[in-house]
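Thanks for coming. I will show one structure and walk through a few parts of it.

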Amino acid sequence: MSLIKYEILNTVVEYGSLTKASEALNITQSAVSHAIASLESEYGFSLLHRSRSGVRVTAEGERILGYTREIIRWAELMNQEISLIRGAEIGTVRIGTFASVSTQWLPGILKQFRLRHPGIEIKLWEGDYAEIENWLASGAIDLGFLSLGDSSPFETITLQKDRMMCILPLDHALASEKSISFEVLLEQPFILPKWGGDNEIERLIRQHAAKLNVVYEVAEDQAIMAMVRNGLGISLLPEMVLQNHTESLALVPLSGDPYRMIGLACASLRNISPAARRFIEEVQQWLISNQEV
C-alpha cells in the first residue's frame, strides 16, 4: 500500500538516515530501502540523495513530499474519527516546540495529557521559530508553539504573555533600578540573542529604530546568561527563560513592559485532527490551573 511507503519516505527524510528511520519504524533497513526504491521506480525519478553522511531529499522528492504528508495527515484524521465513533481515542500529534516551552510547560502538560488520553501519541520536534514555521508550512508537524507577531500565515491561538526582561550581573550599576528604558540599553555592551525567524527582540529593535552596541550574538539562552554573569555584557530574555536564575542574575523590567505572546499555530484550526484538538484543550487547561494567583 502506498500509504505505508509514504510514511517510510517521510520518516527517512525526518531522520536523514535509512538506519535511524528503520529503528523508528521498527522495521528492517532492507524494508525501508525496498519501499523507497519501489516509489522511485513507480515515479521514474530519484527521491533521495544517498551519501556516507546520510540521505537528503532531492529537488524532485521535495516537490512531492508535501503531497505525501497531506495524504498521511488526512488518513490519520479519518482513522481518528473512526476511533471516536467507536468510542476510543487514538492518534499521533506532532508538536513543534522551542526550548523554554519544552522546559517550563511541556513536562507538566505531557504528564496530564498522558493520564487523560493514553491512546494518543505525542511526537516533539524542537527547534527555533524559523524551523517551527517551516515545519508547519511543509506539513511535517500538526501544531507549533511560536512567539506570535503582528501577522502570521498560520491560524493561531494565543496562550500567555511573557515579559521581556533586561538581565545584568548582580553588581551592575543598573541592577537596582525598578525599570530600564530601551535608550539606556544603547549605552551598554549588549549580547544579542540570535534566534531563528522574526523574533520579539528583533521586532523591539525595529520598533525603536535603534542600533545596539552588540558585542556577541548567541543562540543558546544558557550561554547568554553565563556570559552576563561573567560581566561580558547585558541582554534581554523572556521571563519564562529566567525562572530558577533569579539569584545569580539581576532581572529588571524594560520600560513599557514589552512582551512576547506565546501561542499555538497550525495550518487550519478547522481541519486539525481530534487528537490535536485534545492537545490544545489540555494546554489551555494546564495553563489556567498553573497560573500564579
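What covers the buried residues of helix H6 (residues 106-116)? The cover includes strand S3 (91-97), helix H5 (99-104), strand S4 (120-126), strand S5 (143-148) and helix H11 (274-289).

Before going on, a word on where this comes from. This is a predicted model, in which local features need pLDDT of at least 70 and side-chain atom pairs count only at pLDDT 80 or more, while totals for chains, interfaces and linings use all residues. Residues are numbered from 1 along each chain as its sequence is written, and side-chain values use heavy atoms, with hydrogens and water left out.

Now the whole chain. The protein has 11 helices and 11 strands; these are DSSP runs numbered from the N terminus, with helices being H or I of at least four residues and strands E of at least two. Its C-alpha atoms fill a box of roughly 70 × 45 × 30 Å along the principal axes. Of its 293 residues, 46% count as buried. Buried means under 20% relative accessible area, exposed means over 50%, and partly exposed is in between, with a 1.4 Å probe and protein chains only.

Back to H6. Leu 106, Ile 109, Gln 112 and Phe 113 are its buried residues. They cover an arc of only 135° around the axis, which puts them on the same side of H6; the arc is that of the directions from the helix axis to the C-beta atoms. Lys 111, Arg 114 and Leu 115 are exposed on the other side. An α-helix has 3.6 residues a turn, so residues three or four places apart point the same way.

Helix H3 (residues 29-43) can be read likewise. Its buried residues are Val 32, Ala 35, Ile 36, Leu 39 and Glu 40. They sit on the same side of H3, because the arc they cover is only 130° around the axis. They pack against helix H1 (2-15), helix H2 (18-25) and strand S1 (48-51), contact meaning heavy atoms within 4.5 Å. The face turned away from that buried side carries the exposed residues Ser 30, His 34 and Ser 41. Just after H3, Gly 44 takes a positive phi of about 85°.

Glu 40 meets Arg 50 in a salt bridge, 3.4 Å from N to O. The two are 10 residues apart, with Glu 40 in helix H3 and Arg 50 in strand S1. A salt bridge is a side-chain nitrogen of Lys or Arg within 4 Å of a carboxyl oxygen of Asp or Glu, and by this rule the count comes to 7. Glu 40 counts as buried at 15% relative accessibility, whereas Arg 50 is partly exposed at 46%.

Which residue forms a salt bridge with Asp 162? Arg 260 does, with the closest N and O atoms 2.9 Å apart. Arg 260 lies in strand S11 (residues 259-266) and Asp 162 in strand S6 (residues 155-168), so the pair ties together parts 98 residues apart in sequence. Arg 260 is buried at 2% relative accessibility, and Asp 162 is buried at 5%.

Another pair is Asp 257 and Arg 163, whose side chains meet at 3.8 Å, N to O. Asp 257 lies in the loop between strand S10 (250-253) and S11, and Arg 163 in strand S6, so this pair ties together parts 94 residues apart in sequence. Salt bridges that share partners join Arg 163, Glu 239 and Asp 257 into one network.
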